[in-house]
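Dear colleague,

Please find the structure below, handed over for your use.

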Amino acid sequence: MEISDLKAIAKELRVDIIRMLVEAGSGHPGGSLSCIDMLVTLFFHKMRHRPHEPTWPDRDRFVLSKGHCVPALYAVLAKAGYFAREELATLRKLNSRLQGHPDRHRLPCLETSTGSLGQGLSLALGMALAGKTAQKDYRVYCVISDGECQAGQVWEASMAAPKFRLDNLCALLDYNKIQLSGAVKNIMDLEPLLDKWRAFNWHTLEIDGHDFAAIIRALDEAEKTKGRPTLILCQTIKGKGVSFMEGKWEWHGKAPNREEGERAIQEILAQS
Amino acid sequence: MGAKATRVAFGEALVRLGSENPDIVVLDADLSKSTMTEYFARKYPGRFFDLGIAEGNMVGTGAGMALAGKIPFICSFACFVIGRFEQIRMSIAYSRANVKIVGTHAGIGIGEDGYSQMALEDIALMRSLPNMAVIQPADAVETERALEYIVTHQGPVFFRLMRQKTDDINPPDYQFRFGKGVILRRGKDVSLMATGGVVANTLKAADILGQKGVAAQVVNVPTIKPVDRELIAEAAFSHGKIITVEDHGITGGLGSAVSEVLSELGRGRIKRVAVEDFAESGDAEGLYRKYGLSEDNIARKALELLQD
């Protein structure tokens, strides 16, 4: 798919994310908007998958370790045709398949249930290891947050993946630098972050996480890298696309009201 | 003591089952020489993964492998693997990942290593998760038969094993039935319901009671969840007196499972024989005496219940 098409989809899905959160009355806009461009690139450009056959054994796997940003994933899955777009309006409502955090039992096109931070990379590692063991050539992608790199399990997983030479595993770190109660550097600084991953024997790349061409190049390089996993440090902006949300920790876990939502949507639609 | 520890029977049976089912993979956290997964590791090095002393990641990795179609056995001391409750809760149970959690060295029977290595809360924790089965074999043959079942079970299982050798209490042709207790001895006065290695002590307690003119039924309860309600109800509606015996903390284990059924039935009385403190280092027999798991104490509890 052309970059202009990816841009158009991302714009459309940013609107869907805002609409879903307004309807739900709660949820996490900031991190959903910071990771949507990488999700769009994965699902509409890079990944091998079949929306009409979600359990296709040879599909590439996607794990959203930062489960609170699942509105972005729901928007992508609906757009790709895994379920009807109308269902997005049921987010967080009673009896909905679209739980506040991913639940693969209710919505089987999800690979995993996540939402307790720090666990997703281990799940992705397991899938990659199973793929290698079965001599399958599928790839596994995992989006992790910056805040969750404060959890020890992330580093347990990061230590294990190179041991098993999992070059079929690619982690994208959504480095928007803001977590629930403030700036990551004030809560628990992660720097030097890229050095840490490098020291754990990952192939590392650093890109602008909103530049589609850069995301594509990085994903291609990850696929070509043999013998070890790749970590793509994606420099992103929390709340990207909505000026009053950008860089604001207040919009980590608060849904816009109708008026705010309308303003946000107008702003997104006005962007080129 | 008898022939074999349940962990050894497990390690041997896993090798055999591994040859029959290529989907079985085994993960360990630097304890394969103790959990006895080293037998499997030697036979199938390509299907064995040592994750190092990082059990949280082992839980998640196992879940990921299960979601990709494998049948992973994730193995460590019960206290260390079940200690990663939050990972088990999310990555295994809530994700409906078909992972088999094997916790060895359960209970105070491990002896000299002391409390830090003794799982005493593991059954309670695993029982609390909606789709988690909890199975604890009492001897080597039951370990083998239960393990054969576990491979076929769809969904997560916690398989609780012991470090020390245990007496053989089941016949060689024993058949494991998931969710069913096994009546080892009939008796009309009181039921002694036990799980794991202490089933052997419980049989001895029934001998002591027999000498005092008390006919005790002895029930082996290998499946703690789902517990055998029918068997508990039979005891509740006949003599109505039940003693539970387990090498686990007093809260949340077999005693609690049986108590829950009894209170729902509104019938029967129970006394629980279990560990009521953090325990300590020492020889297994001495520990069982001090913490009340000896046959003498089991018999004493039964007599107390009968005299109440």
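**Findings**

A:Pro192 lies in the loop between α6 (184-188) and α7 (193-199) of chain A; helices (H or I, at least four residues) and strands (E, at least two) are DSSP runs, numbered from the N terminus. The peptide bond that leads from A:Glu191 to A:Pro192 is cis, with omega near -5°. Chain B also has a cis peptide bond, from B:Lys225 to B:Pro226, with omega near 0°. B:Pro226 belongs to the loop between β12 (223-225) and α10 (229-237) of chain B. A further backbone feature is A:Lys177, a residue other than glycine whose phi is positive, near 65°. A:Lys177 sits in the loop between β3 (169-175) and β4 (178-179) of chain A. For context, most residues other than glycine have a negative phi, and most peptide bonds are trans.

Please note that this is a predicted model, in which local features need pLDDT of at least 70 and side-chain atom pairs count only at pLDDT 80 or more, while totals for chains, interfaces and linings use all residues. Residues are numbered from 1 along each chain as its sequence is written, chains are lettered from A and ligands numbered from 1 in the order in which they are written, and side-chain values use heavy atoms, with hydrogens and water left out.

I turn next to the interface. Contact (heavy atoms within 4.5 Å) joins 24 residues of chain B to 29 residues of chain A. The buried area between the two chains is about 2000 Å², with 58% of it from carbon and sulfur atoms; this is the accessible area (1.4 Å probe) that two parts lose on being put together, summed over both. On the side of chain B, the residues that lose the most area to chain A are B:Asn57, B:Leu67 and B:Tyr94, which together make up 25% of what that side buries. Between chain B and chain A there are zero salt bridges, a salt bridge being a side-chain nitrogen of Lys or Arg within 4 Å of a carboxyl oxygen of Asp or Glu.

Which elements of chain B give two or more residues to the side that touches chain A? They are β3 (48-50), α4 (55-67) and α6 (85-94) of chain B. Of these, α4(B) gives the most, with nine residues. By class, that side of chain B has nine nonpolar, nine polar and six charged residues. Here Ala, Val, Leu, Ile, Met, Phe, Trp, Tyr, Cys and Pro count as nonpolar, Asp, Glu, Lys and Arg as charged, and the others, Gly among them, as polar.

Over all chains, the whole structure has 36 salt bridges. One of them pairs A:Arg48 with A:Asp137, where the closest N and O atoms are 2.8 Å apart. The pair links distant parts of the chain, 89 residues apart: A:Arg48 is in the loop between α2 (29-46) and β1 (61-64) of chain A, and A:Asp137 is in the loop between α4 (120-133) and β2 (140-145) of chain A.

Yours sincerely
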